[in-house]
Amino acid sequence: ILRYFHFNSIFLEPGARPVMRMYGVKPTMRVAVNYLFFHSPASTLSFLTLVSIALWGYLFFVFERAANLDAFFGDGSHGYWHNSYYNSMWFIWVVMTTVGFGDIYPLTHGGRIIAVLANANGMVI
């Protein structure tokens, strides 16, 4: 994804490379990301947020699925709501926005680590 932004950013403009050489700027991924944040910050942040939610939601779903299958086929007394990828993405959205309703919580240590990392990612974004 970042490679796409790298190749479709300022580096493809005809006069960009000579100007970058003149000022001693190397055409790196960091320059491309800075360019995107400067010229379209809202769409770049929206894109990063959606990608983060999809990635952390998938990882959370993977870590919590086994524990929730046990809960579903066991006594069912605690949250088998993670058996859906969309519910996991909802949980990550709640965690990333630091709302934390408290009705949904991770059951495994891996899920808790993913929730903490997603929370930190949400605060950075």
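Figure 1. The model is predicted; local features need pLDDT of at least 70, side-chain atom pairs count only at pLDDT 80 or more, and totals for chains, interfaces and linings use all residues. Residues are numbered from 1 along each chain as its sequence is written, and side-chain values use heavy atoms, with hydrogens and water left out. With a relative accessible area of 34%, I125 is partly exposed; buried means under 20% relative accessible area, exposed over 50%, and partly exposed in between (1.4 Å probe, protein chains only). Leaving aside neighbours within four places in sequence, I125 is in contact with L45, L48, T49, S52 and M96, where contact means heavy atoms within 4.5 Å. I125 and S52 are 73 residues apart along the chain, and their C-alpha atoms are separated by 9.5 Å.

Figure 2. S52 has its place in helix α4, and its relative accessible area of 10% makes it buried. Residues up to four places away in sequence not counted, S52 touches G57, M96, N121 and I125. S52 and M96 are 44 residues apart in sequence, and the distance from C-alpha to C-alpha is 9.2 Å. T44 is also found in helix α4, which comprises residues 41-73. T44 is buried as well, at a relative accessible area of 12%. Its contacts, again without residues up to four places away in sequence, are L36 and F37.

Figure 3. The 12 residues of α5 should span 16 Å at 1.5 Å a residue, and the end C-alpha atoms are 16 Å apart, which agrees; the expected span is 1.5 Å times one less than the number of residues. Buried in α5 are S88, F91, I92, V94, V95 and M96. Just after α5, T98 takes a positive phi of about 55 degrees, although T98 is not a glycine. Most residues other than glycine have a negative phi. T98 lies in the loop between α5 (85-96) and α6 and is partly exposed, with a relative accessible area of 48%.

**Figure 4. The two sides of helix α6.** Helix α6 has 16 residues (residues 109-124) and should span 22 Å at 1.5 Å a residue; its end C-alpha atoms are 23 Å apart, which agrees. Which residues of α6 are buried? They are G110, G111, I114, A115, A118, N121 and G122. These residues cover an arc of only 135 degrees around the axis, so they lie on the same side of α6; the arc is that of the directions from the helix axis to the C-beta atoms. On the other side of α6, the residues H109, I113, V116, M123 and V124 are exposed.

**Figure 5. A nonpolar patch on the surface.** V19, M22, Y23 and V25 form a nonpolar surface patch, with about 430 Å² of accessible area together. Patches are made of residues with over 30% relative accessible area and no salt bridge; like charges are joined within 9 Å, and nonpolar side chains (Val, Leu, Ile, Met, Phe, Trp, Tyr) within 5 Å. A salt bridge is a side-chain nitrogen of Lys or Arg within 4 Å of a carboxyl oxygen of Asp or Glu. Accessible areas come from the Shrake-Rupley method with a 1.4 Å probe, and for residues only the protein chains shown count as cover. V25 is placed in the loop between α2 (16-23) and α3 (29-39), where it counts as partly exposed at 35% relative accessibility.

**Figure 6. The whole protein.** The secondary structure comes to 6 helices and 0 strands, and along the sequence the pattern reads α-α-α-α-α-α. Of the 125 residues, 31% count as buried. The protein exposes about 8300 Å², of which carbon and sulfur atoms supply 67%. Among contacts between residues at least 6 apart in sequence, 56% join residues at least 24 apart.

Conventions. Helices (H or I, at least four residues) and strands (E, at least two) are DSSP runs, numbered from the N terminus.
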